[in-house]
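Here are my notes on the model you sent over, point by point. Have it open while you read.

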Amino acid sequence: MKKYNIIIILVFVCMNSCKDLDILNPNGVPESVYYKNETELTTAVNGAYAILQGVQLVDREYFFLHDLRSDEMSRGTGGGLEIPRGEVLDGTLNATNYVMNQVWSGCYQLIHRVNAIIEKGAEVEHSDIRDMRLGEARFLRAFAYFELVSMWGEVPLYTEVNRFLDDTQPRTSEDEIYAAIIADLNQAQMDLPYIKDIGDSDLGRASKEAAQTLLGRVYMFMNDYAKAKTELDKVISSPSNLRLVDDFFSNFTEEGEFNDESIFEVGFSEIGDNNWDNNGANGLGNERSVHSQEYSAVGWRNIIPSEKLLDEYERSSKGDTKEDPRLHMSFLFVGDPINNGTETLKDSDVSGLTSTFDGEEIKISWRKYSILYKEGPNGYRNTGINMRLMRFAEVVLMLAECENELDNPIEAINYLNMIRERPGVNMPPYPTVNYPVGNKTEILRAIQHEKMVELSGEQIRNRDILRWRKQGKLPSEPISYFQARHALLPIPQTEIDNSDKLTNADQNSGY
Amino acid sequence: MSKNYCLLRIALLIILVGVAPLVLRAQDLLVSGKVTENDSGASIPGVNIVVKGTGQGTVTNYEGNYSINVPENAILVFSSVGYVTEEIQVNNQTKIDVSLVTDITALSEIVVVGYGTQKSESITGAISSVSSKEIAALPVPSIESALQGRVPGVSVVNNGSPGTAPIVRIRGIGSISYAANPLYVVDGIVVQGGLNNFDTKDIASVDVLKDASAAAIYGSRAANGVIMISTKKGSDSGLHVDLNSYVGVQQAWKKLDLLNTDQYLTYAKTLLDNAGTDYPDRFSNMNTPIYEGADQTYAETNTDWQDEMFRNATIAQTHLSLSGGNDISKFYSSLGYFTQEGIMLGTEYERVNFRLNSDHKLSDRFTVGQNLLIAYDDRFNEMISGGRTQIKHMLHSIPYIPVHDPTQDGGFRASTAEDASNAENPVRIATMDKSNTQSFRMLTNAYLDYKLFDGLSYRFNVGIDYGLARQNITLPIYSDGFRSRPQKQLQKTHTITFSPTYTNQLTFDKSFGKNHINVIAVVESQNTTIDMLYGGGAFNSNANQELAGALNAVTSSTRNAFRLISYIGRVNYEFAGKYLLSASIRRDGSSVFAPGKKWGNFPAASVGWRISEEPFMKNLEAVSELKIRASYGLVGFNGIGAYDWQVIINSNTAAIIGGSEATGSYFDKLGNTELEWETTKMWNAGLDLGLFDNSLTFSMEVYNRDVDNLILQVPTPPSLGYAQSTTSNIGEMKNWGAEFQLGYGKATGDFTYNITGNIGFTRNEVVKLATPSSTLTAGQIADYGDNITRTEEGHPIQSFYGYVVDGIFQSEDEVFSSPSQNLPDDLADYDPSKYTGPGDIRFKDLNNDGLINADDQQYLGSYLPDFNYGLNFSANYKNFDLTLFVQGVQGSEIYNLTKFYTQATPRLFGAGVEVLDGWTPGHTNTDIPRMIDVDPNRNARVSDRFIEDGSYLRIKNLSLGYNFSENALQSFTNGKMRKLRIYVSSQNLLTLTGYSGYDPEVGSWNNNLLTGGIDYGQFPSARTFMAGLQLGF
């Protein structure tokens, strides 16, 4: 009797140990069965926006990289700025720079995510939603490649998902990359809806106008102003009735999100904490932007506007007829109102360095994207304010430049004055005392001035400087440390070290 | 395939069970006697008595008496730690008194090897044993900590606040991308996770299997060595109660010299003046009250942040055991309580553990038994805020800032905008923010031994390892005048680990003439699931303790399942007690590898020759033991993720679309359908020598350990777009070394003493990575900018890499004429406040190109020591006993970031007094550079400036005890009390080191890979003073 019991026990034990060794990961769906329908494509596209929103890109390093490479910024707190950021600001960065590496990685992670969508989405049953999602994917891919090619030059080009470790690509010519960007944006224009047709629940998704605006930027960077004008004209004449809003500052507030001037913005919301979410993989509930904490008068204030930028604003001390109201809309001076006008900013609220402005030493900080417009100086925090990547004012200013380049001075000046005469700004039209517009060069100077004061701190100027420098359009070199190598960023060392297609000989010269 | 094996196994078992009753049963005899010590005649309790060739046995009681039922022709093996093992033929005797010869070196003992035991003299692999006495000697919560310095070739490094598992490495580093932890086997069961829940006082022995031949029996998981732990068993000598209790106080053994308020102001002004930066507003308002209504001003405040953070911390343990039994049933049970405060605020560890072990002899054929551990512990971890250690916050805090401020929400203060500095208040973090993990652990196994016939026995063992861990993170609302947390954050993570193991084992053990053979065959399976459930959310009130009603609530869960199926065989053969041979093979199938790659074979073999048993050695009286051994084998590693070869879609991200979170999905890694076993090839050669009746013993080992097919998280080029690296068998790494152990013992009259020493040398080299130029860098934190370690072919793993200091620039001329560091193109733009200036560090131009850039970096050293050593001295004089245990490492390097915090601050923070010695035009005779905000020359870059020798020698334990004489106790307590010992003891009493940080025992912060030996301000080891008593009834 006993022995049978034992046999039963042992057989049971044995059965247990004979279980299959094939255990599938239950924590997600296998990649091979995904991207099969509209819903999955939509979720996947959201995943692409998520990485655009992450810390590597628009939540942090993207704005730092652009801002620190422009001439718009100074240290706000002496040694407070972390070393890798200081290196970008001082032009001493090398191939291991953290900020630059993060943007590079973020762009390529975005590209990988959308490559999967575009590759697999082609097999999903055709529908308008599917095409829209593919259009968004193409827009995002073009956005990422334009970041890469405009700042690093020749970069590896991937338009399909990489399946193997040795599937790496070498550096690809800029022409090929631009061709890919243009192809994506042309296709995206066809697939994407107009802004007016994007429902409230889809705000934040790319539109036809966003693709056109981006393509305009790309053509201008390629020195093709005629094609740029074609694209930008489409935006001007879009049925979405885009316009310059009266309240300039509302472009940088939570309340002004997706206003009539908005073309493309990256959404943030006061959900959870910031969590320094690296690649959008730290789980849900960390949707805040860290911009206010980094730049605001109360906060780390690591970065403040450069004196050069402040000086660019028109005011009577420079002989201008009127002080540009955008000065105090863009920057917060000690003594300016905060917290919906119920308080003023005190000197003791603000840490760090002063700026010399009109001979006065005063603490001046960034106001764009700062939460102080509706809060008092009680600490600092990350916010839910969206980051506006494209707005109508830039389209107008780009068109002004295109018209000027295409020798249509009247149109150019008209566009410039559109910006100035809107109610909230209400600046006297060009020509002005300091900005005559009697010839093409003078008009270009006015455009450069207007673009700098209108779009300061909006990650536009870095690329403008790169472009104007290349095209010989700068009156003088705006970057104090500039040497030939600074035209391009170095290829990240981790890319060179881990790619079988690259060696140090492939590095951009000077690094 | 596995189905066939399965059927085979069933068939085998049916045959065995059927055959069993046919085997005849030998006549039994009750033997009893007393075991005494050879020299003193004192009785020896706890001697193991085993019927040779069986698992049957007993233990002597406290008077040294025993009794056992044995076959009339049995051979009894008497063994005890510290004595030479005796074998006695029963030959129908019923009373056998034995006197054991003292063997201080503990050579002849029973060693627990995988799936069995072996006499130490028969061992042919590299196995080191640690006795229960050594394990219990130190007041440490875990067995791992107790092993420090005890075993050559085993490195144990303290790695955090109380209750944090130390880093244990056997014979070097076996993995680059994974923690190379050894395999822990408790009472035959491979356990999950660490050993925190085990009370060191319940441990009977620890045996460390170091080489492939010893470890290969655990084949697939043995690449990093195996630590076998046996817990105490009962004896059949009546009931015994033992109480063991101590209480002590711990404190930091070292503090740094930090700036006081006046010194800080002097330093800050220099720092800012040099950079042309204005002073913070506070400097002109030092005489204002520290908060509204306070009597004290900032100028009058002088906070010593070290005194605020460090404390005298208590440590106490009480262990009560009850054991006993008769010749049928034996049991050991215990209840233990351990509590330890950390020497820094906010850290604490507490444990309650219960154990019940029992064995029952059901009949001559059947024996059953069980072991059960139930433990609960609660650990308050050091809080990490902003990715910085508490020590970093502490060193960075400003002395004129008060700790407390009742006007702030939460009552704490930190520096604010007016101070132009932003260290967090470490006392606030330690006091308010909490992260604790409560875990419940049950480890149990039950076995059935069935003696089929003489020499052949069958064992069925089932083990269950169950763990429930509940981590709570509570981050309350506060404001410190600068930072604030407007909502309370609550995060809870529950993790359930369930891991049953089923083992079927046949053992054949028999002597034929001069031949002795031992064969085992085992089939085993282990299924492990780890389920994690996370919930988190925010509240507008600090009152909420649980997640009900949380804002922005988030939940998630994951399951990781692992399965391992194994077939094991081993033959040990011994001829004439001098020629030894052992061969084993384990075939393992693991679920973690790709289909078609799941099975691996791990064979090993070893030989030994006991030369001392040869006739020609017999006239060499001095030589009591001489053995040479050699082994070779393959062991594997499968400690990777459960599903690393698979690619799944993650949905753990979201974008803000239409103002709310829209879930996003993506895949983030490259799958690998080729992922297979990693194999370590290892050879070992050893020699054991005993002289003068083993009063002097020596053993040595040399070994080589090659990891081939190394599983690497291959860093993909970022352009591939995968944030996660791909798991691939691509690397190769090698460790080699030597170990020595020496022991000497002597007894003269009332005085006995013994000394043992061990030393282990290990070298490491990375042989191959993914691509020849492939480098793995680690240690980067945004504050410093650069990576600190680099792993590259041809170098030891994670070596320090950076610039080389070449002195300090004394003049501008020298700056201009030296290789350019940070200078403008046009010297007309030169300004020493923005560029390299006098007082800055001159770095070596290693490639002589006149420019200091990334090409001027080199390897600067390794955290791996040249050798580890331990030295134990113990002596008894009459009723007094004394133990001195010294442990140390030699030749390790530490990257000292506490030095960075205290003297290289490129930002305005609190600092060490060394900054007052910084270079100035009037003070040039110094090696500390000028103090300058922003650090334009990057004096703080990764360089040998921060590399320090991490060698240390530490008096790990010094204790003095007094044993009340047994006779006196018996008469005084009417025979009730058997033992009373009182003792005082100190741990880490003295540390000799040149290291300038808090403690040279620098683990790996947060267990981050490839960052060992970087001192981010890790939790330092404490110095402890304690007193205790041991009572026996």
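**Notes on chains A and B**

1. Charges first: in chain A the mean positions of the 52 positive and 81 negative charges are 2 Å apart. Lys and Arg are the positives and Asp and Glu the negatives, with His and the chain ends not counted; each charge is placed at NZ of Lys, CZ of Arg, CG of Asp or CD of Glu. For chain B, the centres of 79 positive and 107 negative side chains lie 9 Å apart.

2. A word on what you're looking at: this is a predicted model, where local features need pLDDT of at least 70 and side-chain atom pairs count only at pLDDT 80 or more, while totals for chains, interfaces and linings use all residues. Residues are numbered from 1 along each chain as its sequence is written, chains are lettered from A and ligands numbered from 1 in the order in which they are written, and side-chain values use heavy atoms, leaving out hydrogens and water.

3. Chain A has 17 helices and 11 strands, whereas chain B has 11 helices and 52 strands. These are DSSP runs numbered from the N terminus: helices are H or I, at least four residues, and strands are E, at least two.

4. On overall dimensions, the C-alpha trace of chain A spans about 110 × 50 × 50 Å along its principal axes. Chain B's C-alpha atoms fill a box of roughly 105 × 70 × 65 Å, and with 1033 residues its 31 Å agrees with the globule value near 31 Å.

5. How much is buried? In chain A, 66% of the 511 residues; in chain B, 59% of the 1033. Buried means under 20% relative accessible area, exposed over 50%, and partly exposed in between (1.4 Å probe, protein chains only).

6. The largest nonpolar core has 143 residues, and those with the most contacts inside it are Phe139(A), Trp152(A), Ile181(A) and Phe264(A). Helix H6 (residues 128-152) of chain A gives the most to this core, with 13 residues. A second, separate core of 56 residues includes Met286(B), Phe800(B), Ala911(B) and Ile1014(B). A core here is a set of buried Ala, Val, Leu, Ile, Met, Phe, Trp, Tyr and Cys residues joined through side-chain atoms within 4.5 Å.

7. Ile181(A) deserves a click: beyond four places away in sequence, it touches Ala142(A), Tyr145(A), Phe146(A), Val149(A) and Val218(A). Contact means heavy atoms within 4.5 Å.

8. Is His112(A) buried or exposed? His112(A) is buried, with a relative accessible area of 3%. It sits in helix H5 (residues 98-121) of chain A. Not counting residues up to four places away in sequence, His112(A) touches Val161(A), plus Phe667(B), Leu720(B), Gly721(B) and Tyr722(B).

9. Over in chain B, Arg1023(B) is in strand E52 (residues 1022-1032). Arg1023(B) and Ser986(B) are 37 residues apart in sequence and 7.3 Å apart in space, C-alpha to C-alpha. Outside the four places on either side in sequence, the contacts of Arg1023(B) include Val249(B), Trp253(B) and Leu989(B).

Technical notes. Rg over C-alpha atoms; globule rule 2.2 N^0.38 Å.
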